[in-house]
Number of protein chains: 2
Amino acid sequence: MDNMNLNKHISGQFNAELDDIRNRVLAMGGLVERQLEQALDAISNLDAELAQSVIQGDHKVNGMEVSIDEECARIIAKRQPAASDLRLVLAISKTITDLERIGDACVKIAKVALDKRLKKQQPLLVSLDSMGRHATRFLHGTLDALARMDADAAFELHKEDAKLDKEYEATIRQLMTYMMEDPRSIPEVFDVLWATRAVERVGDRCQNICEYIIYYVKGKDVRHVSYEEMEKDLNL
Amino acid sequence: MDNMNLNKHISGQFNAELDDIRNRVLAMGGLVERQLEQALDAISNLDAELAQSVIQGDHKVNGMEVSIDEECARIIAKRQPAASDLRLVLAISKTITDLERIGDACVKIAKVALDKRLKKQQPLLVSLDSMGRHATRFLHGTLDALARMDADAAFELHKEDAKLDKEYEATIRQLMTYMMEDPRSIPEVFDVLWATRAVERVGDRCQNICEYIIYYVKGKDVRHVSYEEMEKDLNL
């Protein structure tokens, strides 16, 4: 009886620890989402001050990655989780890497907002902004699916990246045409190009996180698997 | 006594399992290194056949990622590793993600080799090739440090990325000048640009792997840490 109580107690603490890393990864996601919104605001308004605040804020994202990962390793060593508990810890450990890289993308976008030459090239930023807002919605949805550990939502969101990729390709073609028509503008257009690329990478990262959600909930690794196979395999 | 033998037996099996994932990650690294060499050969000779073989070979890299990761999760669940054994498994689980992404970079490089318009633009490929060979040496050194779990070598290699970044910036400037001088070539130059970018990313991935080697050997997470702090912290 004492043993049973002890087990219950230990398992209560363990659950609290799992809840804690879940909450921390969601807090990290919230921070990254704000960084992305602000980086996009900075670029569409060419607001250097806001851009600087995004660049300076990145160390918080980095710090969260390191501390959550440390906690994940500690939980594995101390609690020896199995089955879905272990999948949760592994999924979180991978998710934070992608969140940190989205944080890096925000810094890249913010740095472009510091390019004063873009003041004369505002029309160049329209497609980037619209693509950026799309990526923000994608990230928001992904974090929502992560909070609810909703594999169906993650599966639907996963497909969203193809749409973002199409928008990306159209934006790149537009930038290319712009360069051909006005070769003197090439250096500025390059800056917009890197920001566009960074936004596209945000979509790839969200897609990775969706795969980890599915891995946690369904116990299946769906990386490199076609949608047909996923639907069949997972009863989605 | 029986128990001791059993423990020894279990631990012998466990060691064999750890050796096995170490060997598998090194085999995966070897495959990725060949993919990178061949992708670069394909682009410098504009060899479409070789490029296709790199593109088709990527599924092997992907398969290795999934199967090694599965084995890592199995070892954690079954063997409940602690201390350096756990760090080894976690470091391997992260390393394979970066190796898989280097594999993706190889596919991107190989796809550019399929662009027939580049036949008229061979001079454009010179800097890319030299940068690519640099990245290949970086990857080779990283895999070597991984095989020997050599933290000192990993620390030295980590700094190599800054040199590759400088080469990358010079190549980008060169491509930009080329575009400005001959705007009709912009579509082809864009292709070279993406390949250049992919090569630069290979360096970032090698740097990540060096960080995991240091994490395993020294038990310290050195992501987002300056070289001064690293040297002080790690007695390197």
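This passage describes the fold of one chain, the relation between two copies, and a few individual residues in a predicted model.

Residues are numbered from 1 along each chain as its sequence is written, while chains are lettered from A and ligands numbered from 1 in the order in which they are written. Because the model is predicted, local features need pLDDT of at least 70 and side-chain atom pairs count only at pLDDT 80 or more, whereas totals for chains, interfaces and linings use all residues, and side-chain values use heavy atoms, with hydrogens and water left out.

Chain A contains seven helices and zero strands, where helices (H or I, at least four residues) and strands (E, at least two) are DSSP runs numbered from the N terminus. Read along the sequence, the pattern of chain A is therefore α-α-α-α-α-α-α. The C-alpha trace of chain A spans about 80 × 40 × 20 Å along its principal axes. Of the 236 residues in chain A, 54% are buried, a term that means under 20% relative accessible area, with exposed being over 50% and partly exposed in between (1.4 Å probe, protein chains only). Among contacts in chain A between residues at least 6 apart in sequence, 82% join residues at least 24 apart, contact being defined as heavy atoms within 4.5 Å.

Two packed helices are described by the angle between their axes and the distance between the axes. In chain A, helix 3 (residues 83-112) and helix 6 (residues 186-218) pack at an angle of about 170°, with their axes 9 Å apart; here axes are lines fitted to C-alpha atoms, for helices over the stretch in contact, and angles run from 0 to 180 degrees between N-to-C directions. This angle makes helix 3 of chain A roughly antiparallel to helix 6 of chain A, since angles over 145 degrees count as roughly antiparallel, under 35 as roughly parallel, 65 to 115 as roughly perpendicular and the rest as oblique.

Two copies of a chain are related by a rotation about an axis and a shift along it. Chain B can be laid on chain A with an RMSD of 0.0 Å by a turn of 180° and a shift of 0.0 Å along the axis, which is the relation of a two-fold axis; the copies are superposed by least squares on the C-alpha atoms of residues with pLDDT of at least 70 in both. The same surface serves both copies, as 97% of the contact residues of chain B recur in chain A. Of the residues of chain B, Q80(B) comes closest to the rotation axis, with its C-alpha at 2.8 Å.

R205(B), placed in helix 6 (residues 186-218) of chain B, is buried, with a relative accessible area of 4%. Apart from neighbours within four places in sequence, R205(B) is in contact with R101(A), R201(A) and R205(A), and also with D98(B), R101(B) and I102(B).
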